[in-house]
Amino acid sequence: MNRLRCLALAPAAALLTATVGLPFLILAAYAFLSRGTYGGVALPWTLENWRRLADPLYAGILARSFLAAALATLLCLVLAFPLALSIARASRWKHLLLALVMLPFWTSLLVRAYAWMFLLRDTGLVNTLLMRLDLISEPLPLLYNWGAVVLGLVYAHLPFMVLPLYAALERQDPALLEAAADLGARQWHAFWRVTLPLAAPGIRAGVLLVFIPCLGTYLIPDLLGGGKTILVGTLIQNQFTTARDWPFGSAVSLALMAAVLVLLWLEVRRRKEPLL
Amino acid sequence: MSAHLELRDLVKQYAKHTALDGLSLEIREGEFFGLLGPSGCGKTTTLRLIAGFEQPTRGEILLRGTRLDGLPPYRRNVSTVFQNYALFPHLTVRENIEFGLRYRNGGSSRRAVEECVEMLALGGKLDRYPRELSGGEKQRVALARSLVLRPEVLLLDEPLSALDPNLRKQVRTELRALQRRVGITFVFVTHDREEALSLSDRIALLHSGRCEQLGAPHELYLRPRTRFAASFLGPVNWIGGMGLRPEATRVSAQAPPPGQPALSARVRAALFLGNCLQVEAELDNGERVLAEVSRFNGAYQTGQRVYISWRPEDEIRVAEG
């Protein structure tokens, strides 16, 4: 039995070692080296990259990224909860509705981000329509700002919130709500005292599934935020490309990873069950 | 005596079928009332209509003469013990029991909780979660959660079905004693005739959304008015147009004294069941009868000629149909 299990685990373990474990070790080593003249890394070993992280400029970027991710997560939660609840309580078409929630995954995020640019830019669909209707005289600045980034983050990650919420809400015994009503609770009370607390595991899973990818995301802030609203994902990308500072990029990556691991550890400590 | 809970001509139609087809019942104050019937007879629907989880298509529900139908569940002074108990899994036993108290006015709620906890022997379990309880304990929590609100009527949906079979007889006795002690009107639903007979003061036998027969357990068992009622309440031998319970069917090797109704038959099988003998016999006209006779009554061989007799007062006479 044990040998069989080892055999079964081996391919996945090898793949993960090669694609996650080794790059991580490389990254960890880079983070303590100096930058090479034309990119890459060079000796000597140094702690300089970590000292730079404390620079208000970079600390600010990290803080802003946390804020953007938190805001996007909160908006996702607020939008996804009623949606997940109504799908979970739908008498029919549940699977169709769920499939619709996941439909965007059928198209690359890159394409969908460009679609948003097409919608939001000065000559985009929204502005053109509003101007044709004479509601505005000049285009609204919808793209390349903080709001566009958060909108994009919410859009891209909403399904990751809906699915765990749905899973938690769908398995709630409908008799519990009847019991609450039977004992005197009106709908709002029953929601507050029964539905919501029982959905807590789904809420926690959804928050993690949205917050963590939002924190490190690069594509959305880069495309919808333009160059202006720089978030940590873009910062890392810049270090490895235009700035040619691989050691510093590695240090920022590791710092971000550490922050995520702390969050995961806090969540896992709360309960013994697996995340989903 | 006027009715405590009255159902008047209740009709409940769903898209594809009619669950209740004109059910009228009068339930008396303080009685343990059984709704008995096969699955699909409308008994659970009746309970849900009284609780307010569903609204009747037509008809009225009155509690002490006041209309209940149309009110939401949280405004009805009745409470339900669900078949699977529907305890709140995220709340402790104490929190479950206290759930409804904030919606009821009255200052003596703490005393009510203590009373219920004591009465249902839940003292040591108050800080447990439902998943840490046995089936019997869950049921007692569900009972406490409802009884603490002092409802006018307690509704119980198949109260024994979720329990271990070994536990059922014990809980049956306890439930009966509990009802006597609190004096609240209990209305319960079951498909199990033994449960209905042993727990109820009166039983309504439901069939196809109507009340087939209403009466005390012994009336339903001994004097069923229809073939359906007779068969649903227990095995019955149909001899000519007349029914006879197996335990009222006598078997003897000698002819019974003249004047007593008797038929001659041949034993097809005699099974020893421990507490009795089960004799299966074939009458001369080919009909089969089943008799449960005392094991002190002698032994029977397959093929033996016997007499089947009975007391005229044990005959079950039903309306044809």
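Taking contact to mean heavy atoms within 4.5 Å, 23 residues of chain B are in contact with 17 residues of chain A in this predicted model. Putting the two chains together buries about 1800 Å², and carbon and sulfur atoms give 61% of that area. On the chain B side, B:Y74, B:F99 and B:Y103 lose the most area to chain A, and between them they make up 34% of what that side buries.

As for where the chain B side comes from, at least two residues each are supplied by α1 (43-51), β6 (78-81) and α4 (135-147) of chain B. The largest share belongs to β6(B), with three residues. Sorted by class, the side of chain B that touches chain A holds 13 nonpolar residues, along with six polar and four charged ones.

Now for chain B as a whole. Its fold has eight helices and 18 strands, and its C-alpha atoms fill a box of roughly 75 × 45 × 40 Å along the principal axes. Of the 321 residues in chain B, 50% count as buried. Among contacts in chain B with a separation of 6 or more, 64% involve residues 24 or more positions apart. The accessible surface of chain B comes to about 15200 Å², with 47% of it belonging to carbon and sulfur atoms.

Methods: Residues numbered from 1 in each chain as written. Chains lettered and ligands numbered in written order. Predicted model: local features only at pLDDT ≥ 70, side-chain atom pairs only at ≥ 80, totals over all residues. Heavy atoms only, no water. Buried area = accessible area lost by both parts, 1.4 Å probe. Helix = DSSP H or I, 4+ residues; strand = E, 2+ residues; numbered from the N terminus. Nonpolar A, V, L, I, M, F, W, Y, C, P; charged D, E, K, R; others polar. Buried < 20%, exposed > 50% of the residue type's maximum accessible area, 1.4 Å probe, protein only. Areas by Shrake-Rupley, 256 points an atom, 1.4 Å probe, with all protein chains shown as cover.
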